[in-house]
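Dear colleague,

I am passing on the structure we talked about, with the sequence alongside it. My notes on what was found in it follow below.

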Amino acid sequence: MNDAAGLSESAASHDPERGLAAVRALRALADRLEAVQVHNARDQGWSWQAIADVLQISRQAVHQKHSRD
Amino acid sequence: MSNRFDTESRIAVAQAADIAREMGHRQVGPGHLLVGLLANPRGAAYSALLDHGLDLDTTRDLVAAHHVDAEPGPDRSERDRPAGGYDEDREALRAIGIDLDRVREAVRANLGADLADGWGDRPERGRGRRRRDRHPGHGHHHDHHDHHEGRGRGRRGPRSRRDGLRFSRELRAVLRDVRRSVLRDRLEAEDRDDARRVPGMTGGRLLVALTQSDDPAVRAVLATADSLDGLRAQAEQAVGREAR
């Protein structure tokens, strides 16, 4: 892990190029982790509703995003 | 008149136009109409849609993401921006203290999946980005600008064609389907001499026609329903009740 100075420097960077890149990368990471974890939950027999409750989004939204995975 | 609108369908079409306008779309599509039906808790279509797992907010988001105006807008190229690559994102994450390779390793070890697969493919691709600017008319100076916002209240029937909003080809096909079904029912009823009991343009009929639409926004929404057949059956039952 980087030092705290490096962290704040980039995530809170005044340079939009760096700040926005951090946002984009976090979003991509969150998207992929969500797909993997939803898949994992389904494998373990979780219902769409149960997954939706934890993610705090609607059942319909979870189903729409992940039913084809 | 075979195409007389009942209260539910009139509200739904008016809502659909408002929703399209709010989303910055220039065409009212079947998707907007679906949202319009869902926005009216007193309607028959509303209960059928809710019973099959659809909610207003998600449906609205799906329509915003999937509706495409037939004529390409000037900002269309915005959608074609390149997706962020894995290596680039790894560097960006490293800068904020996240070691993507370690996360990837852990996911592989514990869950057997590769995070890098499909990296940057957003499932609800285009959502939010595809929305046009929120000021309809901007950049379209050839459009008629002499309409008055807020007028149209108390007008009979759905608002149409004002401020350059048009019904999409798909929406016109849906409305044509409905008129056809009304005519068919009327002809059948005439044989039984009770044509007056056949409902015209109703919420239930609109929903039945929507379940058969090929519109991409409608397909995206209906794909999230518990059971499309069940939904259609319930809509048809609603049409049956409207006859009484």
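In this predicted model, the contact between the two chains draws on 25 residues from chain A and 27 residues from chain B. On the chain A side, the elements that give two or more residues to this contact are helix 1 (4-11), helix 2 (16-43) and helix 4 (59-66) of chain A, and it is helix 2 of chain A that gives the most, with twelve residues. Sorted by class, the side of chain A that touches chain B holds ten nonpolar, nine polar and six charged residues.

Chain A itself has four helices and zero strands, and its elements run α-α-α-α from the N terminus on. Of the 69 residues in chain A, 25% are buried.

Turning to the nonpolar cores, the largest one has 46 residues, and those that touch the most other members are B:Ala16, B:Leu33, B:Leu34, B:Leu37, B:Ala45 and B:Leu206. At least two residues of this core come from each of helix 1 (7-22), helix 2 (30-38), helix 3, helix 4, helix 7 (169-192), helix 8 (203-211), helix 9 (216-222) and helix 10 of chain B, with helix 1 of chain B supplying the largest share, six residues. A second, separate core of 13 residues includes A:Ala22, A:Ala28, A:Val36 and B:Leu93.

One helix pair in chain B may also interest you. Helix 3 (residues 44-51) of chain B and helix 10 (residues 228-242) of chain B pack with their axes 9 Å apart, at an angle of about 160°; because an angle over 145 degrees counts as roughly antiparallel, helix 3 of chain B and helix 10 of chain B are described as roughly antiparallel to each other. Their crossing is right-handed. In this contact, B:Ala44, B:Ala45, B:Ala48 and B:Asp51 of helix 3 meet B:Leu231, B:Gln234, B:Ala235 and B:Ala238 of helix 10, and these residues divide into six nonpolar, one polar and one charged.

Finally, B:Ala65 lies in helix 4 (residues 56-66) of chain B and is buried, because 21 other C-beta atoms lie within 10 Å. B:Ala65 and B:Ala217 are 152 residues apart in sequence, and from C-alpha to C-alpha they are 7.8 Å apart in space.

With best wishes

Terms used
Residues are numbered from 1 along each chain as its sequence is written. Chains are lettered from A and ligands numbered from 1 in the order in which they are written. This is a predicted model: local features need pLDDT of at least 70, side-chain atom pairs count only at pLDDT 80 or more; totals for chains, interfaces and linings use all residues. Axes are lines fitted to C-alpha atoms, for helices over the stretch in contact, and angles run from 0 to 180 degrees between N-to-C directions. Angles under 35 degrees count as roughly parallel, over 145 as roughly antiparallel, 65 to 115 as roughly perpendicular and the rest as oblique. A crossing is left-handed if the near helix is turned anticlockwise from the far one by less than a right angle, and right-handed if clockwise. Two residues are in contact if their C-beta atoms, placed from the backbone, lie within 7 Å. Ala, Val, Leu, Ile, Met, Phe, Trp, Tyr, Cys and Pro count as nonpolar, Asp, Glu, Lys and Arg as charged, and the others, Gly among them, as polar. A residue is buried if 20 or more other C-beta atoms lie within 10 Å of its own, exposed if 12 or fewer, and partly exposed in between; C-beta atoms are placed from the backbone. A nonpolar core is a set of buried Ala, Val, Leu, Ile, Met, Phe, Trp, Tyr and Cys residues joined through C-beta atoms within 7 Å.
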